[in-house]
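Here is a colleague's note on the charged side-chain pairs. Please read it with the model open.

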Amino acid sequence: MNRTDRLYALVEDLRAIAPRCRSARELSQRFEVSVRTIERDITALQESGVPIYAEPGRKGGYAIDKKMSLPPLNFTPAEAVAIAVALSQAGDQPFGRQARSALRKVVAAMPGPEGDLARELARRVQLVHLPPEQGEIQPLGAEGISRAIEEALLRRRVLRLEYADAKGAITSRDVEPGVFLGGRGGFWYLVAWCRLRDDVRVFRLDRIAAATVTAERCPDRPLEGFATDVPEMVVHGTLLD
C-alpha cells in the first residue's frame, strides 16, 4: 500500500470506529508499517485539517472527531446480514478484504440496538462449504417462504408450516425457527424445533408449501441446541465483525 492509499485508509479506519480510538501500535500492525510511520502519517493528516486527536492513557490512542464519522445508515439488521451472506458465499474473491472492511463499517455505523440485532440474526444464518461441483444454488421454494422465515428469525416468532416429506405427504406443524442453513446440494434449510415431533427437525425450503408467521414469540432456546449432524459439510456462521 502506498502512502496516499494508507493515509486514506487510516481516516476510513478511524471513521469506522469513531468515537472509539486505536493505538499507534494497533494501527501499525493493521497497516504493516512501523509505529513511527503511523505517527508521521497522523501528523500529516492533522496538518492537512483532518480532525484526529490523541486520547491519553493506557487504553488511549488516536480518534477522529465524531462529526467525521459515518452517520447512522438506513440499513436494517436484515440488510446487513444479507450483505454478510453474499460476502460469505463469495469466498476469496478479488477485493474480498475490502468488501469485508466495508461491511464492518456499515455495522459500526448502525445505532447500537440495530447493530446488536444484526449480529444476533447473523448467528442464525449459517452456510456450508462444499466442493465447487456441488455448489449450484437451488430454488428457495414457493414465493414468500424465505421472507416468512427471515421475518420469523428476526422477530423470534413461531412459524406455521405446511411441509411435504420426501414422498409428498403434507403435514401442518408449528415450529420455532433456529437456524437458516444453506449449502448442501445448493439447497437451503430451516433448522427448527418442531412442536409436532417435539424435537429439532430440518426442513428443506423447496418442500415447504406454505409458511405463516404467527404472533407467538418463540421461547428462548440456546442456539447450540439447533446444531445438526450433517455429513460431508463444514458449517460456518455468518460474520459481521
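**Salt bridges: notes on the pairs**

1. Start with R155, which is partly exposed because its relative accessibility is 37%, between the 20% and 50% cut-offs. Keep in mind that the model is predicted.

2. The partner of R155 is E151. Their side chains meet in a salt bridge, at 2.6 Å from N to O. Both residues sit in helix α7 (residues 145-155). They are 4 residues apart, about one turn of the helix. E151 is partly exposed too, with a relative accessible area of 34%.

3. Salt bridges can also share partners. One network of this kind joins E176, R195, E216 and R221.

4. Helix α6 (residues 112-123) holds both R119 and D116. The two residues form a salt bridge, with the closest N and O atoms 3.6 Å apart. That falls within the 4 Å cut-off, so the pair counts. R119 and D116 are 3 residues apart, a separation of about one helical turn. R119 is partly exposed, at 30% relative accessible area.

5. Now take D41 and R6. They form a salt bridge, and their closest N and O atoms are 2.6 Å apart. This pair links distant parts of the chain. D41 belongs to helix α3 (residues 35-47), R6 to helix α1 (residues 3-17). The two are 35 residues apart. Are D41 and R6 buried or exposed? Both are buried.

6. How many salt bridges does the structure hold? The total is 14. Among them are D41 with R6, R119 with D116 and R155 with E151.

Notes
Residues are numbered from 1 along each chain as its sequence is written. This is a predicted model: local features need pLDDT of at least 70, side-chain atom pairs count only at pLDDT 80 or more; totals for chains, interfaces and linings use all residues. Side-chain values use heavy atoms; hydrogens and water are left out. Buried means under 20% relative accessible area, exposed over 50%, partly exposed in between (1.4 Å probe, protein chains only).
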